[in-house]
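User: Hey, I'm new to this one. Can you walk me through it?

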Amino acid sequence: MIVWILILAVINWVIYHKIFRVLYFDLGKGLVKEFICCFLVAAVEAALIVYVGGALIGLLGSLLAGFLNIVVWLAVFVGAFLIIRKIYRLFKKNKKSKKENSTKDGGIVNAEGVVENIDSESESNQTEESIIPMPIEEVEAYILEHYDAESKVQAIKYYRSATGLGLKEAKDHVDLILEKKAKTGTVQ
C-alpha cells in the first residue's frame, strides 16, 4: 500500500508543478513541504480508492454476477424454447406427411399411403388358413366390374382376401388390372 501512496505522491507532485509552474526560492524547504503535502494528498486518495473502489468493485461484482445469472437463465429458456419449437415442427411435419399419405387430390385415397395400414389390419384379422384362394381370372373380372381408380384400396383388400397374396403383390396386380381397365376403357 505504501508503494501505491508513493507513486500517487510523485504523480501529484508532477501534476502540481505542471499546473502551477512553481519557482523555488528555498529549494530544500519548499521541495520537502510540497512533497509532504503531495504525500498526504496521495494517502487520502489511496484511502478513497481502496474504500470507494472496493465498494464499487463489490457493487460491480454483484451486478456482474446478477447479469451473468440473468444471461444463464435466458440461455436456458431460449434453448428450451428452441428445442420445444423443433419438436413441434417435427411433430407437425410428421402429421402433415401422414395426412398427405392418406389423402390426395381432394379426398381420393392414395393407396400407397394406406397400404401399410391395410397390411397391419388384415394380418391381425385373418390367418393364412382362413383364406380360400379363388381363380385369378374370376378375381380380375370382379375387380374390372366393381372397382375403379377411386376405390383402389377396397380393390386391393378384395384381391388379397380372394387370392391370399401379400399386400405388395396384391397392390401390383390391382394396379395392372386398373391400368388395363383405363387403357381399354372397360365399363363397370
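**A first look at helix H6**

Analyst: Let's start in helix H6, where Glu 179 and Lys 183 sit four residues apart, about one turn of the helix. Helices here are DSSP runs of H or I with at least four residues, strands are E runs of at least two, and both are numbered from the N terminus. Keep in mind that this is a predicted model: local features need pLDDT of at least 70, side-chain atom pairs count only at pLDDT 80 or more, and totals for chains, interfaces and linings use all residues. Residues are numbered from 1 along each chain as its sequence is written, and side-chain values use heavy atoms, with hydrogens and water left out.

User: What do Glu 179 and Lys 183 form?

Analyst: Glu 179 and Lys 183 form a salt bridge, with the closest N and O atoms 3.7 Å apart. That term means a side-chain nitrogen of Lys or Arg within 4 Å of a carboxyl oxygen of Asp or Glu.

User: Is Lys 183 buried or exposed?

Analyst: Lys 183 is exposed, at 67% relative accessible area. Glu 179 is partly exposed, at 42% relative accessibility. The cut-offs are under 20% relative accessible area for buried, over 50% for exposed and partly exposed in between, using a 1.4 Å probe and protein chains only.

User: How many salt bridges does a search of the whole structure find?

Analyst: It finds four. One of them joins the side chains of Asp 175 and Lys 152, at 2.6 Å from N to O. Asp 175 lies in helix H6 (residues 167-184) and Lys 152 in helix H5 (residues 152-163), so this pair ties together parts that are 23 residues apart in sequence.

User: Which other residue forms a salt bridge with Asp 175?

Analyst: Lys 171 does, its closest N and O atoms being 2.8 Å apart. Lys 171 and Asp 175 are separated by about one helical turn because they are four residues apart in helix H6. Both Lys 171 and Asp 175 are buried, with Asp 175 at 19% relative accessibility.

User: OK, new topic. What does Tyr 158 touch?

Analyst: Leaving out residues up to four places away in sequence, Tyr 158 touches Met 134, Val 139, Tyr 142, Ile 143 and Tyr 147. Contact means heavy atoms within 4.5 Å. Tyr 158 is in helix H5 and is buried, with a relative accessible area of 18%. Its C-alpha atom is 8.2 Å from that of Ile 143, which is 15 residues away along the chain.

User: And zooming out, what pattern does the protein chain follow?

Analyst: Along the sequence, the pattern is α-α-β-β-α-α-α-α, which comes to six helices and two strands. Of the chain's 188 residues, 20% count as buried. Among contacts with a separation of 6 or more, 58% come from residues 24 or more positions apart.

User: Thanks! Where is Lys 92, by the way?

Analyst: Lys 92 is in helix H2 (residues 27-102).
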